[in-house]
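Happy to walk through this one with you. Could we take the helix packing and the side-chain pairs in turn?

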Amino acid sequence: MFWTFKEWFWLERFWLPPTIKWSDLEDHDGLVFVKPSHLYVTIPYAFLLLIIRRVFEKFVASPLAKSFGIKETVRKVTPNTVLENFFKHSTRQPLQTDIYGLAKKCNLTERQVERWFRSRRNQERPSRLKKFQEACWRFAFYLMITVAGIAFLYDKPWLYDLWEVWNGYPKQPLLPSQYWYYILEMSFYWSLLFRLGFDVKRKDFLAHIIHHLAAISLMSFSWCANYIRSGTLVMIVHDVADIWLESAKMFSYAGWTQTCNTLFFIFSTIFFISRLIVFPFWILYCTLILPMYHLEPFFSYIFLNLQLMILQVLHLYWGYYILKMLNRCIFMKSIQDVRSDDEDYEEEEEEEEEEATKGKYMDCLKNGLGAERHLIPNGQHGH
């Protein structure tokens, strides 16, 4: 059964243009061609990247975070068995009727119960240090892979002349630089996929899963069908913008608002140019239109472009979020990732500041001072 499926799956008509056989892509005369078996190594390399990431976060990202003044924060919550059981076994977001009943049962005010649940939810939220470590790791990798991609591609004719992408296809030999570019990129996306359940979860968690799976599927398919030249162009167009996003996040977590805003504007500009202009009008033109001058439509051509179009839809999806953040930056003078769920934390901080202010105000009144710490006459506290 397995061998029957395998034979059917690797039929030439699914992967190659008509009249081309797998035997045409056998290594010969010192020329090496892509093989699906090459991709097996991406899984162990992904786990190797996870080990490298762990070391990087501990010995590079953490000291860098401390130099920015970012520390590991421990959010303490007053122990309460009744509320803890309700939190774990019922819901993390109690209704007003639940809050009323829990307040009576615990001999607390409803306000105290609300604050306990808010603090308990915040206790499970990722710390600022964890977010900085993740952004720092992604920044380091994207910087490395972008520099490597430019070094791999700068002297390749298909970077400047899109017709060269299809010159001799599919009998195009594999270059060592193309091999390592693909293997490193795929291994990185596998490592991100393996870590999704442990990394900071955002509102677009499902979109991230789709994106990583689509990226891995697209790179795997383009490898097996020998769309290597167009594949390297797709990768460099995506990587070049991500550096600026991750660096903006790092400075955001460090509290360097002005630097974060500047980097985010740079990222937004590069994103809209690379993914909403270059990708559809350069890459898709290269993969969708130009092959028709050399080849008749065939299955892998259709499937490749279908995946690229799905990727373009994701670009539009993230473009929407970027516009929301730009709007917040322009009109609110600060950038916050609209995908994050930090509302409870911010609300709690505001409440604490409000209570601290009220406490100081009451101390001033007790000492016969106004809010601006000026003496006030007796009997005029209410004015």
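What follows is a short exchange on helix packing, salt bridges and an aromatic pair.

Author: Before we start, this is a predicted model, in which local features need pLDDT of at least 70 and side-chain atom pairs count only at pLDDT 80 or more, while totals for chains, interfaces and linings use all residues. Residues are numbered from 1 along each chain as its sequence is written, and side-chain values use heavy atoms, with hydrogens and water left out.

Reader: Thanks! At what angle do helix α3 and helix α7 pack?

Author: Helices here are DSSP runs of H or I with at least four residues, numbered from the N terminus. Axes are lines fitted to C-alpha atoms over the stretch in contact, and angles run from 0 to 180 degrees between N-to-C directions. For α3 (residues 42-67) and α7 (residues 128-153), the axes are 9 Å apart and the angle is about 115 degrees.

Reader: How many nonpolar residues are in the contact of α3 with α7?

Author: Contact means heavy atoms within 4.5 Å. Among the residues making it are L49, I52 and F56 of α3 and F132, W137 and F141 of α7. Ala, Val, Leu, Ile, Met, Phe, Trp, Tyr, Cys and Pro count as nonpolar, Asp, Glu, Lys and Arg as charged, and the others, Gly among them, as polar. By class there are two polar residues, three charged and, to your question, twelve nonpolar.

Reader: Which residue meets R138 in a salt bridge at 3.2 Å?

Author: A salt bridge needs a side-chain nitrogen of Lys or Arg within 4 Å of a carboxyl oxygen of Asp or Glu. R138 sits in helix α7, and its partner lies 108 residues away in helix α10 (residues 228-254). Both are buried, that is, under 20% relative accessible area, against over 50% for exposed and partly exposed in between (1.4 Å probe, protein chains only). The partner is E246.

Reader: Which residues does the network around that pair join?

Author: Ten salt bridges turn up in a search of the whole structure. Those that share partners form one network, made up of K130, E134, R138, E246 and K249.

Reader: Is F152 buried or partly exposed?

Author: F152 in helix α7 pairs with Y181 in helix α8 (residues 176-195). Rings of Phe, Tyr and Trp (its six-membered ring) pair if their centres lie within 6.5 Å, with planes under 30 degrees apart stacked, over 60 edge-to-face and the rest tilted. At 5.8 Å and 65 degrees, this pair is edge-to-face. Y181 is buried at 1% relative accessibility, whereas F152, at 23%, is partly exposed.

How values were computed:
Helices (H or I, at least four residues) and strands (E, at least two) are DSSP runs, numbered from the N terminus.
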